[in-house]
Amino acid sequence: MLWPMGWRGALRTIGAELRRQERDAGRRARAAEKRFEAGQKLAQSEFAAAEVDVFESRIDELTSMHRECAEQIDWPALRERSLPASPSEPPLIDRRLSEEARDTLESHSRSLLGRIFGTKRREQLQGELVEALESERSSERRTQEKYQRQLAEHARAVEDVLETRELAAQILAGDIDAQCEVIQRSNCLCEVAASLGQTQVEVTLNGRRAALVLRVEQDTVIPTEQKTLTAKGKVSSKKFSAARRMEIYEDYVCGSALRVAREIMAVIPTPAVLIDIESTRVEPSTGHLATSVILSVLVPREATLLVDWAQVDASAFVATLHHRMKVKRGKGFEPVEKLTFADP
């Protein structure tokens with residue numbers, strides 16, 4: 001098709017403008033693509049940093065089990081706990097409004113003009129007296145209801161104090177049933193049990209100490225790979241060395257024992273806690289899996305009072321206590337005999 005001469009220049013101009021727009025659109029698309037790629041890299045870097053942070057936090061948690069503990073219960077103070085003060089008697093109802101209304105009505109009724117011409121005014125004053133009396137009755141009812149609620153709350157508070165006193169007296173007298181109840185109701189071992197994958201931890205008590213058994217499995221607790229962040233912001237994973245895994249496992253075993261001892265001593269005034277840590281291992285003589293004790297340690301209360309728990313190393317502290325534990329280089333924990341209540 002032949003175009004008129006005047007149109008050819010216009011078409012060239014339009015074509016050039018379209019090509020320019022295409023180039024601009026291409027540049028914008030390429031810039032958007034680069035921004036998207038940069039965002040992806042940033043997101044990947046942040047995700048990688050978060051992944052490594054989670055790993056490091058897990059290792060810190062495993063090696064610092066012993067550093068946290070519930071607040072100590074002050075049983076002597078609870079035994080001497082004071083009864084709450086009784087609520088004050090409710091104030092007298094302000095009856096000035098009804099008294100004024102009654103005086104006004106009586107004055108009006110006594111007056112001669114009031115008796116002759118004041119029927120409507122008397123009805124008005126009677127209505128005002130009724131309203132005042134009803135308002136005062138409502139106020140008195142609300143005041144009494146509030147006072148009765150305060151009395152009920154006070155009775156419950158007194159009952160709570162008396163029960164607390166009785167429980168504290170039983171705890172301080174060494175009542176084993178009361179101490180078991182406190183351990184159960186306080187849920188002081190729930191966090192440790194959950195960390196170990198146990199639904200519950202059974203505690204045995206006598207007059208001298210508490211005793212309990214924990215199961216700590218290396219393969220289900222200690223990570224098999226170590227994660228670090230590279231200079232390019234990527235996650236680098238490599239297999240944990242056997243020595244490093246065993247070091248973390250030993251800290252976790254000792255830290256778990258110390259943590260439960262501290263938790264028990266925080267809720268009951270037992271002089272000491274005896275902890276046995278069990279683990280599953282291959283029995284060399286049979287080749288079968290067997291459960292054996294890998295740590296048995298007696299934690300006396302006096303020793304725990306001298307420790308800076310924010311700084312102390314769990315394995316090093318256990319080594320200062322009466323305990324049985326054997327860790328062979330390259331082999332890990334070896335079975336040991338349990339300590340008993342008869343041990344010093």
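This is a predicted model: local features need pLDDT of at least 70, side-chain atom pairs count only at pLDDT 80 or more; totals for chains, interfaces and linings use all residues.
Helix H6 is followed by asparagine 187, a residue with a positive phi near 55 degrees. Most residues other than glycine have a negative phi. Asparagine 187, which is not a glycine, has a positive one. Asparagine 187 sits in the loop that joins H6 to helix H7, residues 190–196. Its relative accessibility is 47%, so asparagine 187 counts as partly exposed.

Helix H6 covers residues 176–186, and its buried residues are Ala178, Gln179, Val182 and Ile183. Looking down the axis of H6, you would find these buried residues within an arc of 140 degrees, so they line one face of the helix. An α-helix has 3.6 residues a turn, so residues three or four places apart point the same way. The N-terminal end of H6 has a cap, provided by aspartate 175. A side-chain oxygen of aspartate 175 lies 3.0 Å from the backbone nitrogen of aspartate 177.

The protein chain has eleven helices and nine strands. Of its 344 residues, 35% are buried. How much of the contact pattern links residues 24 or more positions apart? Among contacts in the protein chain with a separation of 6 or more, such pairs account for 70%.

The protein chain has a mean pLDDT of 79, and 78% of its residues reach 70 or more. Over residues 1–9, however, the pLDDT is below 50, and this stretch has two contacts in the model beyond near neighbours in sequence.

Next come the cysteines. How many disulfides are there? The count comes to zero. Cysteine 69 shows one case: its sulfur is 8.5 Å from the closest cysteine sulfur, that of cysteine 188, which is too far for a bond. Cysteine 69 has a relative accessibility of 28%, so it counts as partly exposed. Cysteine 254, by contrast, is at 0% and therefore counts as buried.

From here, move to threonine 270. Where is this residue? Threonine 270 lies in the loop between helix H9, residues 242–267, and strand E5, residues 272–282. Is threonine 270 buried or exposed? Its relative accessibility is 4%, and because buried means under 20%, threonine 270 counts as buried. The side chain of threonine 270 reaches the backbone nitrogen of alanine 210 at 3.5 Å. Leaving aside neighbours within four places in sequence, threonine 270 is in contact with Arg208, Arg209, Ala210, Ile264, Met265 and Arg301.

Serine 236 lies in strand E4, while serine 241 is found in the loop between strand E4, residues 235–239, and H9. With a relative accessibility of 28%, serine 236 counts as partly exposed. Serine 241, at 41%, also counts as partly exposed. Apart from its neighbours within four places in sequence, serine 236 is in contact with Gln226, Lys227, Thr228 and Thr230. Serine 236 and alanine 48 are 188 residues apart in sequence, yet their C-alpha atoms are 9.2 Å apart in space. For serine 241 and glutamine 226, the separation is 15 residues in sequence and 8.9 Å in space, C-alpha to C-alpha.

Our last stop is lysine 326, in strand E8, which covers residues 326–328. Which residues does lysine 326 contact, leaving aside its neighbours within four places in sequence? They are Ile294, Gly332, Phe333, Glu334 and Val336. One of these, valine 336, is ten residues from lysine 326 in sequence and 7.1 Å from it in space, C-alpha to C-alpha.

Methods. Residues are numbered from 1 along each chain as its sequence is written. Side-chain values use heavy atoms; hydrogens and water are left out. Buried means under 20% relative accessible area, exposed over 50%, partly exposed in between (1.4 Å probe, protein chains only). Helices (H or I, at least four residues) and strands (E, at least two) are DSSP runs, numbered from the N terminus. The arc is that of the directions from the helix axis to the C-beta atoms. A polar contact is a pair of N or O atoms within 3.5 Å; within protein, one must be able to donate a hydrogen and the other to accept it, and residues adjacent in sequence count only if both atoms are side-chain atoms. Contact means heavy atoms within 4.5 Å. pLDDT is the predictor's confidence in each residue, from 0 to 100. A disulfide is a pair of cysteine sulfur atoms within 2.5 Å.
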